[in-house]
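Hi,

Here is the structure I promised to pass on to you. Have a look at it first, and then read on for what I found in it.

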Amino acid sequence: MCNIVSNAKLMRNLWQVDVYMKLSTLSGLTTTNWMADVPGYQRPVWFHPGGIANILSMSNVVARYHVTYNSRHSEHPNQFMVKKDDGSKRLFVQSKMGLYYMDVSRADKHVVFVSTVENNRNNYSTT
């Protein structure tokens, strides 16, 4: 299961590891030995600053969030919808090449991951 991020703005806690992830892309073979945390995602991800996409494993996303897929009968067929804990939804639509993506180019689609001290405190008791 591959989780790899190329956008450093999504990450926290960047570190190097002793092993390498080998990636075979359309432009050739590359490697990385950098990992990072993405707030709101349950496991570390590989980091490759030269990448052109942020890729999360569907099985890892499903383990954390409610994911639905609609292949027909909607305004936008062939899309995945990820429902976050706060009720917000992220739509991943099918490209002409058959891959699924979330368009973050529009300002109303931008995603911000924030974890405040107050939110973290609410997860613990004071006793």
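Thr32 sits in strand E3, which covers residues 28-37. Please keep in mind that this is a predicted model. With a relative accessibility of 4%, Thr32 falls under the 20% limit and therefore counts as buried. A polar atom of the Thr32 side chain lies 3.2 Å from the backbone nitrogen of Trp34. Leaving out residues up to four places away in sequence, Thr32 touches Ile4, Val19, Tyr20, Met21, Trp46, Phe47 and His48.

Now the chain as a whole. The protein chain has two helices and eight strands, and from the N terminus on they follow the order β-β-β-β-α-β-β-β-β-α. Of its 127 residues, 23% are buried. The chain exposes about 9,600 Å², and carbon and sulfur atoms supply 55% of that area. Among contacts with a separation of 6 or more, 34% are between residues 24 or more positions apart.

Next, the packing inside. In soluble globular proteins, nonpolar side chains tend to be buried together. Here the largest nonpolar core has eleven residues: Val5, Leu10, Met11, Ala36, Val38, Tyr41, Val45, Phe47, Val61, Tyr65 and Val82. Apart from that core lies another, of six residues, including Ile4, Met21, Met35 and Trp46. As for Met11, it is in contact with Val5, Ala36, Asp37 and Phe47, if neighbours within four places in sequence are set aside.

Four strands form an open sheet in the order E5-E6-E7-E8, with antiparallel pairing. Strand E5 (66-70) and strand E8 (100-101) are the edge strands, each pairing on one side only. Strands E6 (residues 79-83) and E7 (residues 89-94) run antiparallel and are joined by five bridges.

How many aromatic pairs does the count come to? The count comes to three. In one of them, the ring centres of Tyr69 and Phe80 are 4.7 Å apart and the planes meet at 40°, so this pair is tilted. Tyr69 belongs to strand E5 and Phe80 to strand E6, eleven residues apart, and the pair links these distant parts of the chain. Tyr69 is partly exposed, with a relative accessible area of 40%, whereas Phe80 is buried at 19%. Phe80 also pairs with Tyr100: their ring centres are 4.8 Å apart and their planes are at 80°, so this pair is edge-to-face. Because Phe80 lies in strand E6 and Tyr100 in strand E8, the pair ties together parts that are 20 residues apart in sequence. Tyr100 counts as partly exposed, at 31% relative accessibility.

Most residues other than glycine have a negative phi. Asn13 has a positive phi, near 55°, and is not a glycine. Asn13 is in strand E2 (residues 12-25). Is Asn13 buried or exposed? Its relative accessibility is 52%, and the cut-off for exposed is over 50%, so Asn13 counts as exposed.

Enjoy looking through it!

Best wishes

Note on methods. Residues numbered from 1 in each chain as written. Predicted model: local features only at pLDDT ≥ 70, side-chain atom pairs only at ≥ 80, totals over all residues. Heavy atoms only, no water. Buried < 20%, exposed > 50% of the residue type's maximum accessible area, 1.4 Å probe, protein only. Core = buried A, V, L, I, M, F, W, Y, C linked by side-chain atoms within 4.5 Å. Contact = heavy atoms within 4.5 Å. Pairing = 2+ DSSP bridges. Areas by Shrake-Rupley, 256 points an atom, 1.4 Å probe, with all protein chains shown as cover. Polar contact = N/O pair within 3.5 Å; in protein donor to acceptor, adjacent residues only side chain to side chain. Phe/Tyr/Trp six-rings, centres within 6.5 Å; stacked < 30°, edge-to-face > 60°.
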